[in-house]
Amino acid sequence: MKFYINPKIKKGHINPELQGHFSEHLGRCIYEGLYVGENSKIPNVKGMRKDVVGALKELQIPVLRWPGGCFADEYHWMDGVGPKKDRKKIINTHWGGVTEDNSFGTHEFMELCKQLGCKTYINGNVGSGTVREMSEWVEYMTFDGVSPMADLRAKNGSKKPWKVDYFGVGNENWGCGGNMTPEYYGNLYRRYQTYVRDYKADEHIFKICCGPNVDDYNWMDRVLYTTHRCAEEKWHGFMDGISLHYYTFTDGWEKKGRATDFTEKEWYKVLKKTLYMEDLINHHAAIIDRYDKAGKIALVIDEWGTWYEVEPGTNPGFLYQQNTVRDALVAGINLNIFNKHCDRVKMANIAQLVNVLQSVILTDGDKMVKTPTYHVFNMYKHHQDNELVDSHIETEEIGLESDFMVPNLTESVSMDSKGKLHITLTNLSSKKAYSIEGVIAESKIKDVKGEIVGGEIHEHNTFDKPETVKTKEFTDFDFKGDVLKVKIPASSVLHLEVTI
Ligand code: AHR
């Protein structure tokens with residue numbers, strides 16, 4: 001297969017946030033997964049698990065979204081500040097009906113992001129919260145001066161304000177966030193976002209409007225139309241980004257399929273459905289283009305990933321699932337797609353960080369495993385903050401059913417600040433390796449380093465065997481002049497660092 005790269009043609013900046021994450025008060029994501037409390041026997045710093053934070057730091061997580069998800073539109077932030085013993089115990093109605101003791105709140109989230117060294121993405125409550133509540137939360141977090149909320153924050157232990165990098169005005173307001181029509185939400189968005197104030201002139205809060213589910217093009221169009229009715233040149237002051245949610249199910253919501261126990265046909269089905277992300281980006285971006293001629297509105301894919309049936313014997317409301325080589329491919333394919341669309345896609349958050357859906361980490365008591373998805377993120381981190389480079393690969397259609405044929409390969413290429421190229425390739429074949437002959441235009445290749453994640457399609461990591469799938473050194477390549485020859489094994493994700 002031929003592969004062509006032109007390092008002289010730069011196609012956009014790859015925001016680190018394309019490799020963002022999402023953590024919700026859902027199942028064992030926050031509690032147990034990230035936060036165990038200061039009195040836990042599990043080693044922790046201010047309640048945050050040392051093992052998990054250490055593993056996540058290695059990934060260079062750029063941004064973390066919190067507190068939901070559906071939970072966000074039922075979350076009243078005041079319940080989660082102040083002395084822990086006085087915090088309200090509420091029912092987590094969306095996720096398992098369990099007691100939420102609010103011991104992890106705003107201060108704890110900010111501490112977690114500090115330990116991770118990542119940006120903060122707070123999702124506000126439009127569904128069941130008031131404008132005043134949202135406005136006061138922003139004041140509480142960001143105002144540096146004398147005010148009722150800044151004083152309360154200081155009383156609660158944080159004299160200094162924090163930085164809120166991103167703020168979502170509602171979540172899935174077409175569904176769990178209030179079952180609204182796009183016009184109704186669009187008007188609410190205009191109103192609520194007015195009070196998401198920038199208290200510091202040099203610290204703009206990037207405002208994210210609730211966008212559609214999957215292919216709801218009507219929602220995208222109507223929300224933009226509703227928010228657009230304003231002085232034309234100013235309208236996108238209302239928002240910096242609009243979200244899109246797309247989960248990969250094996251068949252659909254009613255038939256999600258199993259995480260580890262799947263057929264070869266289902267391997268291709270899930271990969272085909274993953275590739276649909278590109279159609280969604282193209283179509284939604286075309287709608288945004290109609291309203292945003294200057295290309296300023298970001299598409300923020302703040303929930304994506306595989307969604308299977310829960311692991312047998314676990315709480316159905318906790319969405320706990322295993323993660324195989326198939327998920328590694330899903331991650332690699334999506335991250336390649338995001339890179340290729342970095343002109344419009346400025347952030348993407350896989351769901352969810354620990355123990356929920358397509359996680360990078362699973363925990364069981366004091367044990368922790370890194371999933372195949374973790375290892376893919378660890379290789380793709382080399383794209384963060386790079387320039388996307390022009391690249392094209394020859395592909396052939398493969399698969400077992402006519403409706404679920406896929407290209408055998410996907411790729412993306414970027415250049416880092418030192419001029420090195422980072423090539424990431426996915427081989428979607430369940431069985432076949434491919435020889436690839438790449439040409440790097442007008443370049444002399446000086447050195448190549450490779451690393452790879454892959455294996456038999458069902459392979460995964462368990463608490464007893466945590467290293468079945470891991471990153472391995474890759475050396476099956478050869479180079480001379482401007483030609484790079486690589487043989488990529490079946491069902492694998494590959495990263496090559498090329499010095500030219
Ligand atoms: O990630 C799980 C849920 O999926 C989120 O809470 C919601 O936004 C989406 O429907």
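In strand β21, Ile440 is the bridge partner of Ile5. Helices (H or I, at least four residues) and strands (E, at least two) are DSSP runs, numbered from the N terminus. The model is predicted: local features need pLDDT of at least 70, side-chain atom pairs count only at pLDDT 80 or more, and totals for chains, interfaces and linings use all residues. Residues are numbered from 1 along each chain as its sequence is written, and side-chain values use heavy atoms, with hydrogens and water left out.

**The sheet**

Strands of a sheet pair through backbone hydrogen bonds, either parallel or antiparallel. Two strands count as paired if DSSP finds at least two bridges between them. Strand β1 (residues 2-13) runs parallel to β21 (residues 434-440), and 4 bridges join them. Both belong to an open sheet of 10 strands with mixed pairing, in the order β23-β22-β26-β20-β19-β16-β1-β21-β25-β24. The edges are taken by β23 (472-474) and β24 (477-480), each with a single partner strand, so one side of each has no neighbour in the sheet. From one strand to the next, the twist averages 25°.

Strand β22 pairs with β26 in the antiparallel sense through 8 bridges; here Leu494 in β26 is the bridge partner of Ile452. The pairing of β22 with β23 is also antiparallel, over 3 bridges, and Glu451 stands opposite Glu473 in β23.

**Helices that pack together**

Two packed helices are described by the angle between their axes and the distance between the axes. Axes are lines fitted to C-alpha atoms, for helices over the stretch in contact, and angles run from 0 to 180 degrees between N-to-C directions. The table gives two helix pairs.

| Helix pair | Angle | Axis distance |
|---|---|---|
| α8 (residues 325-340) and α9 (residues 372-380) | about 30° | 7 Å |
| α1 (residues 50-58) and α2 (residues 106-116) | about 50° | 9 Å |

The angle in the α8 and α9 pair makes these helices roughly parallel. Angles under 35 degrees count as roughly parallel, over 145 as roughly antiparallel, 65 to 115 as roughly perpendicular and the rest as oblique. By that scale, α1 and α2 are oblique to each other.

Contact means heavy atoms within 4.5 Å. In α8, Val325, Asp327, Ala328, Ala331, Gly332, Leu335 and Asn336 meet Pro372, Thr373, Val376, Phe377 and Tyr380 of α9. This contact of α8 with α9 has 8 nonpolar, 3 polar and 1 charged residues. For these classes, Ala, Val, Leu, Ile, Met, Phe, Trp, Tyr, Cys and Pro count as nonpolar, Asp, Glu, Lys and Arg as charged, and the others, Gly among them, as polar. Between α1 and α2, Val53, Leu56 and Lys57 of α1 meet Leu112, Gln115 and Leu116 of α2. The contact of α1 with α2 divides into 4 nonpolar, 1 polar and 1 charged.

**Helices across the sheet**

Helix α8 lies across β16 (387-393), β19 (409-415), β20 (421-427), β22 (447-454) and β26 (492-499), and runs at about 50° to β19. Helix α9 lies across β20, β22 and β26, at about 160° to β22.

**The disulfide**

A search of the whole structure finds 1 disulfide, a term used for a pair of cysteine sulfur atoms within 2.5 Å. The disulfide is formed by Cys70 and Cys176, with their sulfur atoms 2.2 Å apart. The link of Cys70 and Cys176 is left-handed, with -90° about the S-S bond. Cys70 lies in the loop between β5 (63-66) and β6 (90-92), and Cys176 in the loop between β9 (166-169) and α5 (182-194), so the pair ties together parts that are 106 residues apart in sequence.
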